[in-house]
Amino acid sequence: MSQKEVTSKRHMGLKAANRVSNTAIYILLTIISIVWLLPFVFILLQSFRCETDRGMVGYILPKVWGFDNYIKLWNSDFRRWYINTFIIALVSAVLVTVIQLCMSYTLSRFRFKMRGPLMRFMLILGMFPGMLTMIILYRVLADLGLTQANAVPGLILVGFASSGMGYYVSKGFFDTIPKSLDEAARVDGTTRLQVLYKIILPLAKPIVIYTILTAFMGPWGDYVFAKYVAFGTSAGYNVAVGMYSWLSNDQIGNWYTTFCAGGVVVAIPVTILFLCLQKYYVEGVTGGAVKG
Amino acid sequence: MASVKLTNVKKIYDKNVVAVHDFNLEIHDKEFVVFVGPSGCGKSTTLRMIAGLEDISEGTVEIDGEVVNDLQPKDRGIAMVFQNYALYPHMTVYDNIAFSLRLQKMPEDVIYEKVTNAAEILGITEYLMRKPRALSGGQRQRVAIGRAMVRDSKVFLMDEPLSNLDAKLRNQMRSEIILLRQKLDTTFIYVTHDQTEAMTLADRIVIMKDGFIMQVGSPDEVFDMPDNLFVAEFIGAPKMNIIKTKLVCEGGKYYVTPFGAKIAVDGDKGKELANRKAPGGDILLGVRPEHIQLATAADHAIPCTLVVDEMMGSELHLHVDTEDGTRLIVRVPTLDLDKDQRKTLVAGAKLYITFEGKAMHLFNPETEKNLLT
Amino acid sequence: MKQYSDLEFLRLSKWQRFCYKFLAFFAAIPHAIANFFIKIGKGIKTAFVKVVDEFRDIGLTFAHGDWKTKVSYLVMGFGNMARGQVLRGILFLLFELVFIFYMVTTGGYWLSMLPSLGKQGPTKEYDPIYDTNVTTYHDNSFKILLYGVLTIFFIVAFIYTWRLNVKQNKIMEGILKKGGKLKRDKDDLRSMVDENFYKTLLALPLTGILVFTVMPIVFMILVAFTNYDGNHNGYSNALFSWVGLQNFNTLFSWQSAGGGQSYSATFGEILTWTLIWAFLATFTNYFLGMFVAMMINKKGIRLKKMWRTILVMTVAIPQFISLLYVSKMFARNGLINLTLGPQGLGWIKEPLPFWENATWARITVIIINIWIGIPYLMLITTGILMNIPADLYESARIDGANAWQQYRKITLPYMLFITGPYLLTSFTGNMNNFNVIYLLTGGGPTNSAASGAAGSVGYTDLLITWLFKITQGTEAQYYLASVVGIMVFVVVALISLVVYNVLPSIKNEEDYQ
């Protein structure tokens, strides 16, 4: 290699190297996108499969297409489960948001004597596996008559009652709103309550939406406690518990494609909602991870 | 329209960190008082205690004769301008200024009157429809002041209002605050770390350090007669030169002997020393840079070497080293120098300097207190 | 061990620095332990002094107080009412009446039964009229424990309130003596939305946490010291009772747990896998997620928004759907095996044992977890990556750093610093990641050596799924679940403690404000 070539390589290298690495990245990203989306495409395709064999098969494209699975879904207990889950999600979204905002706003803004100990105490509480409390909560709910067929109010109650523990993300957000705004407002003549709804809440829109969104999405995937509380009574199931039962060894042959249809019906509204509010979710998640 | 009185005010954090020690001060009606000091000296904390944003650990704060310790900020009859302006980002400028008036349930046409009036004075009428984010720093500052103005408060508190502005804007806003003060004619308490702001704005300056008041006085007083070494060094730019030396008394006259020279303490200070029959001994001698003159190799002049020369325009700052290596700053008005003299003032040049006898400050080296107070 | 000064430390090579820090950490342990005990000692002392002070204050208040104060010692809130604070007075009095009513009617019973957890279990008697055995139920251990704990909470709350009542009388007298004005009911109500607004805001959330988290946890900790299980459910078959530390002994003993393995070996095995899983799940996701985020963020890559949206979409779909579907995809007769098998492409003769072989199952679980986790991590890291000041990279490039060095020296340290707290919560979260394991494998394949008395234990079981399994069915061993739960807490707490002391970014909360 002559001196000239070496020099020219040094000068041309940057662009060429960039082109190579960018191409590699495009290929990789395409593969990743395919791998990540494929299972969901499969679920969608399977939900339209209307052959006599409704179990698992070794091919992807249905041989007979149709809406049978959706019709079967509509006529099954799934309708009840869906309504159950939807009610839980809706009510939780409201209650959990209120509780978490109360908690996080207070811990971000007020400096009272018990604040430090309280936060440390909740940190320690959070280290106990939540599963541990299920046994007793189940018995307490059973005493109150809020299990099995009445699982919906029971799940809502338990879900929102201890949601104050999850204040971290929104507290992190509130911490980024300058405290001098509160102070200016208080000098201007507001009470603390007015500070909250006149100044802070209008500024906290992203985190309010984030909290509502996560609180709404949570119940759709809640499996273990819902199963515990419903305890074998189909009327009290949510979608996760109900659809899980379709995949047991003796059911799967009949219900596998219906499961896929159910999956589509559950995923679509949540995903659309999520994509619409994506911006706020990303803000919340990033902020929360950074602020801890 | 009110006096403010602080009696034995203390601020203690976490039981042992004391931010403000025993603060006593009476601020008269319509007075402009500036709290000044380095960061962490407790000046902002004191202001915030007056505002009610910070609990008062001990002592009492009175506004207009009423103890306000347990009152909420809104009930104290104060208005406040914050360092970072604290404008409500989701409201227009108009709404920002009108916020406190609406909370008082004032009729909208009165609010309109007041807001437009304030906007006019501050020259922000054309921005009333904008949100704070669309304003420059100086404009935001005006809105913050406007918001405080319309409250017709008894006391006007300002917490480092100019420190987020660039130098040019700061000078401009400073003179506007002076004008504002003439218009509002109320009591002002102003916090800053910048001694220039303090000197130019204040009727009285409160100089603080580590939670203690170091001196209270008019700008002239603190400049001409600093109580202690800290105030002497803090007020005035460039900083006062401090020299370790001795005070000697010969035949009723007092001399200082810096760097082997012998300089008489003249004027009132000399007389005062004689009146007090002050003993000689080790002292710290303070000389402001403008009170050092260039001299020739004549008697009592101190020889030194020029290290750095800074041309400031109207004046020249010379950093010089004496023979024992002490660094001094000399301030020479440019007018006093002719062209040839200026040319000789380059790094490495040998110079002779002398001090003005009546403008020297003498401090006790142990207590760092002024010998004459 | 030799202490280095800061400058001496900076002269060490990377490896030496690591060793030094490592050794220093261990060298500091004895000191830390000593300090811990000294602190506890001091704590006990100050607590004792405080209690004495309280009693003295109560006595002095009584001695110096006027008759209104003295009556308040018996009739709570009397002093408040007599001095014009009707609202506070009524609340105090109401609380006292409710407390007395509760203690007289039921509280006393629960409290008296708490030491024994019930005396009389269910009895069966022959009923000649219906010619059948009739069971009569008597005491209920579960309720005794539950309401016993509640009663103790209630008593503590009462003592606190009573003390508050006494203190208020003292304060009121002090104010009146100085000629001050007392707060009126109106002021109290107004302060609830102003200076005491935080109490108003916290009331509901904290009550919820107290009743639905603290109470159950206290209860379950106590269960660890009983023999509560499926055969002693405390009501319909037999009462349960206190057994002291026996359950802890069982878990750490060499006593066989069935299947030929001791409890301690089973516990150790599950704990080891739990830690390995948490470590791998956290860090594979973290680094791969960051990698994907960096690829999308790279200058010159187009359609950034599209790539991100594709990944983000998968976050939205409820996990149980994707997990269950993927779990079936990898099943013996699932899509993958069928596609690769003789009916499909014919690449393999035997189905791949994704869920049947321990090692296969563990690896598959981790890989699927990556699939689940990357989009989420991509979201988190994207935001932070974009916040790294660009001039850091510019100056590094001028200093001659290549892409890898830039990553190692700038990106990674920055990310680790910012996401330190997140990594910790993510690690402990993964230790307790019930959904992924349970929905994918159900804990399987079965570990026959460990299963038996300790329930059915699988090779992918985490402590949390094991805990869940032993609370199921008629053979449930609640006491063992409790002990395991406490052990999970201990492990999480230990890890957090160590990490908290090492991480710089957690220490000062106010740094971020």
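The model is predicted.

## Fold of chain A

Chain A has 14 helices and zero strands. Along the sequence, the pattern reads α-α-α-α-α-α-α-α-α-α-α-α-α-α.

## Dimensions and packing of chain A

The C-alpha atoms of chain A fill a box of roughly 80 × 70 × 35 Å along the principal axes. The radius of gyration of chain A is 26 Å, whereas a compact globule of 292 residues would have one near 19 Å.

Of the 292 residues in chain A, 45% count as buried. Take the contacts in chain A between residues at least 6 apart in sequence: 72% of them join residues at least 24 apart.

## Chain A against chain C

Chain A puts 63 residues in contact with 78 residues of chain C. Helix H1 (residues 3–46) of chain A gives the most to the chain A side, with twelve residues. By class, that side of chain A divides into 44 nonpolar, 15 polar and four charged residues.

## Two domains in chain B

Chain B is divided into domain 1 (4–234) and domain 2 (241–363). The C-alpha centres of these two domains of chain B lie 39 Å apart.

Domain 1 of chain B brings four residues to the contact, and domain 2 of chain B brings five. On the side of domain 1 of chain B that touches domain 2, three residues are nonpolar, none is polar and one is charged.

Methods:
Residues numbered from 1 in each chain as written. Chains lettered and ligands numbered in written order. Predicted model: local features only at pLDDT ≥ 70, side-chain atom pairs only at ≥ 80, totals over all residues. Domains from an automatic or database assignment. Contact = placed C-beta atoms within 7 Å. Nonpolar A, V, L, I, M, F, W, Y, C, P; charged D, E, K, R; others polar. Helix = DSSP H or I, 4+ residues; strand = E, 2+ residues; numbered from the N terminus. Rg over C-alpha atoms; globule rule 2.2 N^0.38 Å. Buried ≥ 20, exposed ≤ 12 C-beta atoms within 10 Å, placed from the backbone.
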